Amino acid sequence: MTTQPTHDHLVTDRSLLSTKAYGTGQHLAARQSLYQWQTPRHDLPGIVVNELAGIRGAVADVGCGNGKFVARVREDRPDLTVLPMDISHGILGAIPGAVVADVQQLPVADGALGAVLALHMLYHVEDQAQAVRELGRVTAPDGIAIVSTNSQTDKRELEHLWRQAAGDVLGVQEGPARVQLSARFTLENAPAILGTVFGEIRTIPLPGVIEVTDAEPVVAHLASYEAWSDKMGVPFQETIERARERVNEVIEAEGAFRVTCLGGMIVCRRTRL
């Protein structure tokens, strides 16, 4: 396993998150698009909709990003009131009814929600314990929270690729690790964190293999970390271009570049606070 960056503030800086990282949906869309080449293809919004069966009333998508899940839930469950929330005003622009809100202090009454979604976002929260308490506070006693993140083993090939490319640029055998977003809240440690508030925890693992015959999807994924470019310890664009060359070399030699993925969803039922 690659060495993790040591400063959590790199992925929890609210000012950076609401501007450079997620001021628009561009970088998030680049990371999401890589999964088009994954086998098997997991319909993540569809999984959420299935887990919402039996839920009534209001559902908040906290850290909703570009609204991918909001749109699907509204389409498939028009009986639900969906409340999109995110700390970035810019990324919310095209989502009807969206409000700027922080998961550490939600503008929602106690027990008001049938369900709350926190999808690939809790690793960005400085005080995760407080965030989980808030998710529990706003969820009705018979409601659920649906959380998602990645395993600590997810996409190791991309980490190896980055360090090799960075090493080439720096003239050393292996360069520094890039900022890794989900390292603070992984599929392995999330159940314990969530279990401090929620009584029932069920993990849905979502493994897969991404296989590309064109370097561009991988390059776009790496480039989506531009918000942290000055924290990488290596010339960012030069490393991106060297990574492109390395991916093309692998494709020429092996026919494809492969990335092993392991993400997952965690479905939580509230316990008494």
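## Strand pairing and helices

Leu-113 stands opposite Thr-139 in strand E6. The model is predicted, so local features need pLDDT of at least 70 and side-chain atom pairs count only at pLDDT 80 or more, while totals for chains, interfaces and linings use all residues. Residues are numbered from 1 along each chain as its sequence is written, and side-chain values use heavy atoms, with hydrogens and water left out.

Helices (H or I, at least four residues) and strands (E, at least two) are DSSP runs, numbered from the N terminus. Two strands pair if DSSP finds at least two bridges between them. Strands of a sheet pair through backbone hydrogen bonds, either parallel or antiparallel.

| Strand pair | Bridges |
|---|---|
| E2 (residues 58–62) and E3 (residues 81–86) | 5 bridges |
| E3 and E4 (residues 99–100) | 2 bridges |
| E5 (residues 113–119) and E6 (residues 139–150) | 6 bridges |

Val-62 has Met-85 in E3 as its bridge partner, and Asp-86 has Val-100 in E4.

The open sheet has 8 strands in the order E1-E7-E8-E6-E5-E2-E3-E4, with mixed pairing. Its edge strands, E1 (38–39) and E4, each pair on one side only.

E2, helix H5 (residues 68–76) and E3 form a right-handed β-α-β unit; right-handed means that, with the strands pointing away from the viewer, the path from the first strand over the helix to the second runs clockwise. H5 lies across E2, E3, E5 and E8 (257–270), at about 175° to E3. Helix H6 (residues 128–138) lies across E5, E6, E7 (198–212) and E8, at about 145° to E6. Contact means heavy atoms within 4.5 Å. Axes are lines fitted to C-alpha atoms, for helices over the stretch in contact, and angles run from 0 to 180 degrees between N-to-C directions.
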